Amino acid sequence: MNINDIMPPDWQLFNYSFASFDKNLLTIYLKVKALFPELWVNVKDGKRVNNWCGLRSPSCAIGAPKSAHRSGKALDLHHTDIKALRSWCMSFEGLKAGILRVEAESATPTWVHIDVIQPNPERWKDKSVPYVFMP
Ligand SMILES: [Zn+2]
């Protein structure tokens with residue numbers, strides 16, 4: 001796996017490594033990447049196109065201060081067929097792979113935010129699929 005894909009541009013400055021990520025998130029990444037080989041987080045075809053779609057360093061000024069991205073528990077997945085990717089992530093298969101939450105499509109039209117944050121059990125109505133949340 002190309003570690004740059006899930007790292008911020010300045011990751012070496014902060015001594016980040018695979019250990020900076022939630023283990024389950026890395027497992028999910030490998031699984032989705034195997035199913036959707038063209039998928040990218042920050043690096044598309046060897047070129048960095050995003051900075052903060054994987055782990056976010058203190059240099060990142062966007063997103064929520066307590067975002068799951070800052071603790072290595074979230075990824076923003078991109079794919080040319082975003083519909084297919086989203087429907088897989090939101091399915092029972094996605095949940096089985098370890099995805100606990102997916103951000104609502106209305107808030108993330110061109111990417112799929114997945115994370116491994118435990119959903120509020122009362123709000124999580126259908127526990128056979130990941131919990132869909134609004135930012
Ligand atoms: Zn995100």
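Two strands pair, in what follows, if DSSP finds at least two bridges between them. Helices are DSSP runs of H or I with at least four residues, strands are runs of E with at least two, and both are numbered from the N terminus. With that settled, E4 and E6 pair in the parallel sense over three bridges. One of the residue pairs there is Arg 101 with Tyr 131, its bridge partner in E6.

Some housekeeping. This is a predicted model: local features need pLDDT of at least 70, side-chain atom pairs count only at pLDDT 80 or more, and totals for chains, interfaces and linings use all residues. Residues are numbered from 1 along each chain as its sequence is written.

Now the chain as a whole. It has three helices and six strands, and along the sequence they follow the pattern α-β-β-β-α-α-β-β-β. Taken along the principal axes, the C-alpha atoms fill a box of roughly 40 × 30 × 25 Å. The radius of gyration, taken over C-alpha atoms, is compared with a globule rule of 2.2 Å times the number of residues to the power 0.38. For 135 residues a compact globule would come out near 14 Å, and the chain agrees, because it has 14 Å.

Next, burial and contacts. I call a residue buried if 20 or more other C-beta atoms lie within 10 Å of its own, exposed if 12 or fewer, and partly exposed in between, with C-beta atoms placed from the backbone. By that count 31% of the 135 residues are buried. Two residues are in contact if their C-beta atoms, placed the same way, lie within 7 Å. Among contacts with a separation of 6 or more, 66% come from residues 24 or more positions apart.

Back to the sheet. It is an open sheet of four strands in the order E3-E5-E4-E6, with mixed pairing. E3 and E6 (131–133) are the edge strands, each pairing on one side only. From one strand to the next the twist averages 25 degrees, where axes are lines fitted to C-alpha atoms, for helices over the stretch in contact, and angles run from 0 to 180 degrees between N-to-C directions. H2 packs on this sheet and touches E3, E4 and E5, its direction making about 25 degrees with that of E5. As background, strands of a sheet pair through backbone hydrogen bonds, either parallel or antiparallel. E3 and E5 run antiparallel and are joined by four bridges; in E5, His 113 is the bridge partner of Asp 76.

What covers the faces of E3? Both are covered, with Ala 74 and Asp 76 buried on one side and Leu 75 and Leu 77 buried on the other.

Helix H2, residues 82–89, has Leu 85, Arg 86 and Cys 89 as its buried residues. They sit on the same side of H2, because they cover an arc of only 95 degrees around the axis, the arc being that of the directions from the helix axis to the C-beta atoms. Lys 83 and Ala 84, on the other side of H2, are exposed. The buried residues of H2 pack against E3 (74–77), H3 (92–97), E4 (101–103) and E5 (112–115).

On to the core. A nonpolar core here is a set of buried Ala, Val, Leu, Ile, Met, Phe, Trp, Tyr and Cys residues joined through C-beta atoms within 7 Å. The largest has 27 residues, and those with the most contacts inside it are Ile 28, Leu 75, Leu 77, Ile 99 and Ile 114. H1, E3, H2 and E5 are the elements that give two or more residues to this core, and H1 provides the largest share, four residues. Leaving aside neighbours within four places in sequence, Leu 77 is in contact with Val 32, Leu 39, Val 41, Leu 85, Trp 111, Val 112 and Ile 114.

Met 7 is in the segment before H1 (23–35). Is Met 7 buried or exposed? Met 7 is buried, because 25 other C-beta atoms lie within 10 Å. Beyond four places in sequence, Met 7 is in contact with Tyr 16, Gly 54 and Leu 55.

Asn 15 also lies in the segment before H1. Asn 15 is not a glycine, yet it has a positive phi of about 55 degrees; with 8 C-beta neighbours inside 10 Å, Asn 15 counts as exposed. Asp 45, in the loop between E1 (43–44) and E2 (47–48), is not a glycine either and has a positive phi of about 50 degrees. Asp 45 is exposed, with 7 other C-beta atoms within 10 Å.
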